[in-house]
Amino acid sequence: LEFRRVLFRSLLTHTSGYVEEDVIAFLQEQLKTPLDLPPLPDNQHKSIHLALHARYQCRPSRPPNELMSYCGYGYDLLAEIVRRVSGQALGQFLQERLFTPMQMTDTSFYLEERFNGRMVKRRPMKNPFGADMNDAKYLDTPWGSGGMNSCAMDIAKFGQLFLNQGCYGEHQILSRSTVMSMTSNHVPPGVPEDDMRVAPQEIGRAHV
């Protein structure tokens with residue numbers, strides 16, 4: 001299967017043909033031997049740098065648009081596109097474009113000391129890198145596929161952004177056409193979903 005058939009839209013809608021279990025298995029196999037990595041960019045996290053380059057040669061398990069199958073790797077790729085196009089680390093990009101103008105003061109990829117004692121932790125679980133997902137190193141890694149820390153009020157602000165057609169306060173964060181596109185179904189007609197079972201320990205975290 002060819003990489004060039006995978007489009008942005010396919011990654012966003014989880015119809016790229018990548019299957020999460022297959023990507024994780026490929027990653028684990030790649031990490032058994034040292035990888036020859038290019039220099040670490042100033043605006044990239046070293047763990048993400050390693051994970052991306054370890055997975056770049058992983059081919060889709062099926063052609064695009066045959067099945068909707070949740071795959072976090074697709075969003076890691078999208079985050080890397082944002083980093084390369086903007087020239088900013090993902091966290092910096094989101095802070096400037098979204099969190100600061102929306103006064104989402106309790107949302108970040110990185111846990112500050114003021115959040116100690118407020119974190120709702122998940123069940124102990126190992127990720128492909130062998131680190132517990134409650135470990136401080138994992139919690140401070142800005143994965144495109146997960147890792148954002150937030151609270152109920154900030155999430156409510158984010159929801160209000162869409163109810164306001166992209167506006168929040170005096171700021172036009174998103175255009176009306178973008179909101180319309182983001183709230184529309186883009187999965188091609190007739191494409192089935194796989195059995196996307198989510199174990200309790202997989203559910204995302206938030207601080208309160």
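Of the 208 residues in the chain, 38% count as buried; buried means under 20% relative accessible area, exposed over 50%, and partly exposed in between, with a 1.4 Å probe and protein chains only. This is a predicted model, in which local features need pLDDT of at least 70, side-chain atom pairs count only at pLDDT 80 or more, and totals for chains, interfaces and linings use all residues. Residues are numbered from 1 along each chain as its sequence is written, and side-chain values use heavy atoms, without hydrogens and water.

**Overall fold**

The chain has 8 helices and 4 strands. Helices (H or I, at least four residues) and strands (E, at least two) are DSSP runs, numbered from the N terminus. Along the sequence they follow the pattern α-α-α-α-α-β-α-α-β-β-α-β. Contact means heavy atoms within 4.5 Å. Among contacts between residues at least 6 apart in sequence, 73% join residues at least 24 apart.

**Nonpolar cores**

A nonpolar core is a set of buried Ala, Val, Leu, Ile, Met, Phe, Trp, Tyr and Cys residues joined through side-chain atoms within 4.5 Å. The largest has 14 residues. Leu94, Leu98, Met102, Leu161 and Ile173 have the most contacts inside it. Helix H5 (90-99) and helix H7 (152-163) each give two or more residues to this core. H5 supplies the largest share, 5 residues. Leu161 touches Leu98, Met102, Gly166, Cys167, Tyr168, Ile173 and Leu174, not counting residues up to four places away in sequence. A second, separate core has 13 residues, including Val23, Ala51, Leu77 and Leu78.

**H2 against H3**

The axes of helix H2 (residues 20-30) and helix H3 (residues 46-55) come within 9 Å and cross at roughly 105°. Axes are lines fitted to C-alpha atoms, for helices over the stretch in contact, and angles run from 0 to 180 degrees between N-to-C directions. H2 is therefore roughly perpendicular to H3, a term for angles of 65 to 115 degrees. H2 brings Val23, Phe26, Leu27 and Gln30 to the contact, and H3 brings Ala51, Ala54 and Arg55.

How values were computed
Parallel < 35°, antiparallel > 145°, perpendicular 65-115°, else oblique.
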